[in-house]
Amino acid sequence: MVEYRIDRRSGVATYLQIVQQTHQALRLGLLEPGDKLPTAREVVEATAINPNTVLKAYRELEREGLVEARRGLGTFVRRTLGSAATDSPLRGELADWAARARQSGLDRDDVAALFTAVLEEQFGDSQTQELETRGDPA
C-alpha cells in the first residue's frame, strides 16, 4: 500500500501531492490494478490533512480513470501508468548518480533542481504540457 508524504513547504497543493505520488507509484509498479488505496481516514491519520483534501485527490484520480471508488469497500486501482519498473537497470544507475551527487556536497534541493533541468532539456516541460492538455492555465 502507498504511504503519502505531504511537503507543506513545496508550494504544491496537498491534493496534487497525493495525485502525483499515486501517479509515481503507478509508474513504478508499486500500485497495480486491483490494489486498494488507503482510506481517507488512514491518510488523514498519517498526514494530518483535511479528509476533503484526500477525497478531492481521489476524485481527480477517478476522473483520470486510474482508480474507482467502490461504495463501502474503498478505492481501487483500475489501471497503471508507464513502465518504469523498480528493478530496471536505469534505476540502479540513477541511484549511483544520486549517491555521487550527495558525496560531492549537493543537497536534496540541489539534486532536484539539477535533475529537473536535465529532464526539461531531454523531454521538454512536461508539467506545462500536461496542464495545457487538461485545459488548466500554466
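In the predicted model, the side chains of H23 and E64 are joined by a polar contact of 2.6 Å. H23 is part of helix α1, which spans residues 14-27. With a relative accessibility of 15%, H23 falls under the 20% limit and therefore counts as buried. Leaving aside residues up to four places away in sequence, the residues touched by H23 are L61, E64, L66 and L81.

Three salt bridges are present in the structure. One of them links the side chains of E60 and R63, with an N to O distance of 2.8 Å. Both residues belong to helix α3 (residues 51-63), and because they are three residues apart there, about one helical turn separates E60 from R63. E60 is buried, at a relative accessible area of 14%, whereas R63 is exposed, at 55% relative accessibility.

A salt bridge also forms between the side chains of R70 and E68, at 3.2 Å from N to O. R70 is partly exposed, with a relative accessible area of 34%, and E68 is likewise partly exposed, at 30%. In the salt bridge between R9 and D7, the N to O distance is 3.9 Å. Here R9 is exposed, with a relative accessible area of 78%, while D7 is partly exposed, at 34%.

F115 is located in helix α5 and, at 34% relative accessibility, is classed as partly exposed.

Methods: Residues numbered from 1 in each chain as written. Predicted model: local features only at pLDDT ≥ 70, side-chain atom pairs only at ≥ 80, totals over all residues. Heavy atoms only, no water. Helix = DSSP H or I, 4+ residues; strand = E, 2+ residues; numbered from the N terminus. Buried < 20%, exposed > 50% of the residue type's maximum accessible area, 1.4 Å probe, protein only. Polar contact = N/O pair within 3.5 Å; in protein donor to acceptor, adjacent residues only side chain to side chain. Contact = heavy atoms within 4.5 Å. Salt bridge = Lys/Arg side-chain N within 4 Å of Asp/Glu carboxyl O.
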